[in-house]
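Me: I would like to go through this structure with you step by step, putting questions and working towards each answer. Shall we have the sequence and the model in view before starting?

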Amino acid sequence: MAVITYRQAIKDALAEEITRDENVFVMGEEVAQYNGAYKVTEGLWTRFGDKRLVDAPISEAGFIGLAIGSAMMGLRPVVEMMFFSFVYVAWDQAVNNASSVRYMSGGQINVPLVIRGPANGGTNVGATHSHTPENLVANFPGLKVVCPATPADAKGLMKSAIRDNDPVFVMESTVLYGEEGEVPDDEDFIIPLGKADVKRKGKDLSIIAHGRSVLMALQAAEELKEKHNIDAEVVDLRSIRPLDEETIIESVKKTGRALLVEENKPYSGVGAQISHLIQRRCFDYLDAPVHRLSAVDAPAFYSPPVEKVQLPEAPLIIRETLDMLNVKR
Amino acid sequence: MSTETQDQAAQAKNDLFAHAKAPVNQQLTAEQKIKLYTDMVRIRKFEQAALQSYQKGKMGGFLHLYIGQEATAVGTISLMDDNDHIITAYRDHGHALAVGMTMNECMAELFGKFTGCSKGKGGSMHFFAPDKRYWGGHGIVGGQTPLGLGIAFALKYKGLKGCCLTYLGDGAINQGPFHESLNLASLWDIPVVYIIENNRYSMGTSQTRSSAHPEEGLAARAEAYNMEWDKVDGSNLYEIRAKTAVAMERARNESRPMLLEIDTYRYYGHSIADANHKKYRTKEEIEDYQNNKDPISVFQQILIQEGVLDEEQVKEIDSTAKEEAKASIEFADNSPFPPAQELLTDVYWATDNPGQHNNQGRMFFNDRLPWDDEYQA
Ligand SMILES: Cc1ncc(C[n+]2csc(CCOP(=O)(O)OP(=O)(O)O)c2C)c(N)n1
Ligand SMILES: [Mg+2]
């Protein structure tokens, strides 16, 4: 197993799938000659050429719609959003067309499309550039959405997404692109969609998170153990839809407490859905109400020190955990 | 006859036959011509029957009739080869019948029946037949225009010689995604043929109240994208075929897109719910189209003058189409509604093909379904 960055893991996944299947191509703004705005596709154009790496003009509705049409014909487009925040200008294509064509045709068509790119706050780029729309996408039956937190998950989920016959949104994070981790070398290493991962075993409470919040949860869990002898289990959802409910339920039944952490806004966020699931399926096992941590419920703040406060980081997870367990801070 | 009226008559005849000598028309056999005529009549009879059923409360939602525009679908689609595809908006019944979908599956879809072309999941605006290279049936104004581009992109990617006919209304031309599509089509040499069916209105808004455009017409906007364009008289099937053939040949052989604007007219309101349609347009205007520019009458005249068709055949074609439409209503009436369980099929390929896919976990999120009788604590 090699230690590589999250960015490299995604690039490897793209390169392997482009090599494996002639119908796979990557399209987006600056993905080819410029090597990608965040260098995720660096070197791929030199390796694979114009057909497989397509530089598109700034025309998200146009090229996402194009990608859907080509997917209906059997191609496997991987569309890069420079920022996921830009998907809104193509919302009709990305969610209305991508999610409905199969249904409205009575199952005669499928759309093997991947839309991928960074969806995160925390980089001081203000409200227009800091969206995390995984909850919005998950609201559309017909769409799938995953949020990998580690290099291995990024690679395994990306390969799964590209091989999937339904539209999959892969939400990455610019903050994670430089993070390193072990990734299996096997070209057929994939992670199924809809499978959560217990990233840390514990018995006192379940911290359930996705995306960068998983790393925050792991950091918090270390400190909780060291300073307070609290043993937190960290469940990484990895996939938002489909959702691995059984892993969540098993963990909460074991620990009796659930803290849900995400960088999304609270109203109708992913945590709202998980919270409902837990009260429905683990009611008799709960020793405390389910707690949720999200971004502070306002558009993303620009000023760097304030934006840092807006997103739930490790100290906040620690504070919430101690309060849930009635431990004096 | 005075010389003046003689001249007029000669002129009218010239107009009718102005495109008869185009290669795609000249090569038509009498049989093929009668088939084209019959297809238009079938569309009209189908929709007249659908209208009656709508008024009897047999279907829900919208019903956008194509009556008055038949030559556009029939003329353009008759030029399709094996690698040519089509996609259109919600006024889609004519295109569906023209590609060879049956009246039965179309009528059943309108009735919301399980035997419908989309199993009752799409309705009037969302007919599909990918086996006939017909990719819908799209309800969002302009939303299909990038999809048509993508279909044509896929043809080019696969190295196939074909094109995608992509239809839109005169109201749809102001949508952003359409302009993005025109730019991409020209920039990347994509073999797509955009066809504006200009019936002069988008709901109650006349074309002059919705679009700024060069004097020569809506299609002239193509020049801004360095794209070829043409204007077509939608009442004359020969002209439609002649001019569309040029666009399709260019797309297939040079991989260049083209924008066509076909002047046409819908006789009914925007949809059957549009009871106001005689308020935003005059009776005289509607009658002028019905009496002088009706695409079925015009082609009938042409074929009678060519000696391909006689009054007897006209009557027979009419009554056969009427019978077919009537039978489709019977078929739709006698078909079952989809079972409620159908709600959860055709959402994901993965759930429809269990065990064949790299998916786990929960796909659908109802705690309890309407048909689950057992209460789970
Ligand atoms: C994005 C969007 N806006 C509005 C509507 C409602 N609507 C449906 S059809 C229509 C008029 C479109 O006219 P045109 O493009 O000329 O097509 P026609 O109905 O004449 O065939 C409107 C406003 C819609 N379906 N989608
Ligand atoms: Mg119109």
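The questions below concern a predicted model, and they move from domains and the chain interface to helix pairs, the ligand and some backbone details.

Me: How many residues of domain 2 of chain A are in contact with domain 1 of chain A?

Reply: In this predicted model, chain A is divided into domain 1, residues 2-183, and domain 2, residues 197-324, and the C-alpha centres of these two domains lie 26 Å apart. On the side of domain 1 of chain A, 24 residues take part in the contact with domain 2. The number asked for, on the side of domain 2 of chain A, is 23 residues.

Me: Which elements of chain A each supply at least two residues of the side of domain 1 that touches domain 2, and how many residues of that side are charged?

Reply: The elements that each supply at least two residues of this side of domain 1 of chain A are helix H5 (134-138), strand E6 (144-146) and H6. By class, the side of domain 1 of chain A that touches domain 2 has twelve nonpolar and nine polar residues, and its charged residues number three.

Me: How far apart are the centres of the two domains of chain B?

Reply: The division of chain B is into domain 1, residues 21-346, and domain 2, residues 349-377. Between them, five residues of domain 1 of chain B are in contact with four residues of domain 2 of chain B, and the domain 1 side of this contact has two nonpolar, two polar and one charged residues. Taken over C-alpha atoms, the separation of the two centres is 38 Å.

Me: Which helix gives the largest share of the side of chain A that touches chain B?

Reply: The contact between the chains takes 45 residues from chain A and 42 residues from chain B. On the side of chain A, the elements giving two or more residues are helix H3 (60-72), helix H4 (91-104) and helix H6 (151-163). The residues on that side divide into 18 nonpolar, 18 polar and nine charged. The largest share, ten residues, comes from H3(A).

Me: What is the orientation of H3(A) relative to H4(A), parallel or antiparallel?

Reply: The axes of H3(A) and H4(A) come within 10 Å and cross at roughly 15 degrees. Angles under 35 degrees count as roughly parallel, and that makes the orientation of H3(A) relative to H4(A) roughly parallel.

Me: Which residues of H4(A) meet H3(A)?

Reply: The crossing of these two helices, H3(A) and H4(A), is right-handed. By class, their contact has seven nonpolar, three polar and no charged residues. From H3(A) come Ala61(A), Ile64(A), Gly65(A), Ile68(A) and Met72(A), and the residues they meet in H4(A) are Gln93(A), Ala94(A), Asn97(A), Ala98(A) and Val101(A).

Me: Which residues of H7(B) make the contact with H8(B)?

Reply: The axes of H7(B), residues 145-157, and H8(B), residues 176-187, come within 8 Å and cross at roughly 25 degrees, and the two helices are therefore roughly parallel. On the side of H8(B), the contact is made by Pro177(B), Phe178(B), Glu180(B), Ser181(B), Leu184(B) and Ala185(B), and on the side of H7(B) by Thr145(B), Pro146(B) and Leu149(B).

Me: Which residues come nearest to ligand 1?

Reply: The shell around ligand 1 has five nonpolar, six polar and two charged residues. Of the 13 residues around ligand 1, those that come nearest are Val141(B), Gly169(B), Gly171(B), Ala172(B) and Ser202(B).

Me: Where does Pro242(A) lie?

Reply: The peptide bond from Arg241(A) to Pro242(A) is cis, with omega near 0 degrees. Pro242(A) lies in the loop between strand E12 (239-241) and helix H8 (245-255) of chain A.

Me: What is the omega value of the peptide bond from Gly136(B) to Gly137(B)?

Reply: Gly137(B) has its place in the loop between helix H6 (103-110) and H7 of chain B. The peptide bond from Gly136(B) to Gly137(B) is cis, with omega near 25 degrees.

Notes:
Residues numbered from 1 in each chain as written. Chains lettered and ligands numbered in written order. Predicted model: local features only at pLDDT ≥ 70, side-chain atom pairs only at ≥ 80, totals over all residues. Near = placed C-beta within 6 Å. Nonpolar A, V, L, I, M, F, W, Y, C, P; charged D, E, K, R; others polar. Contact = placed C-beta atoms within 7 Å. Helix = DSSP H or I, 4+ residues; strand = E, 2+ residues; numbered from the N terminus. Domains from an automatic or database assignment. Axes fitted to C-alpha atoms, helices over the stretch in contact; angles between N-to-C directions. Parallel < 35°, antiparallel > 145°, perpendicular 65-115°, else oblique. Left-handed = near helix turned anticlockwise from the far one by under 90°.
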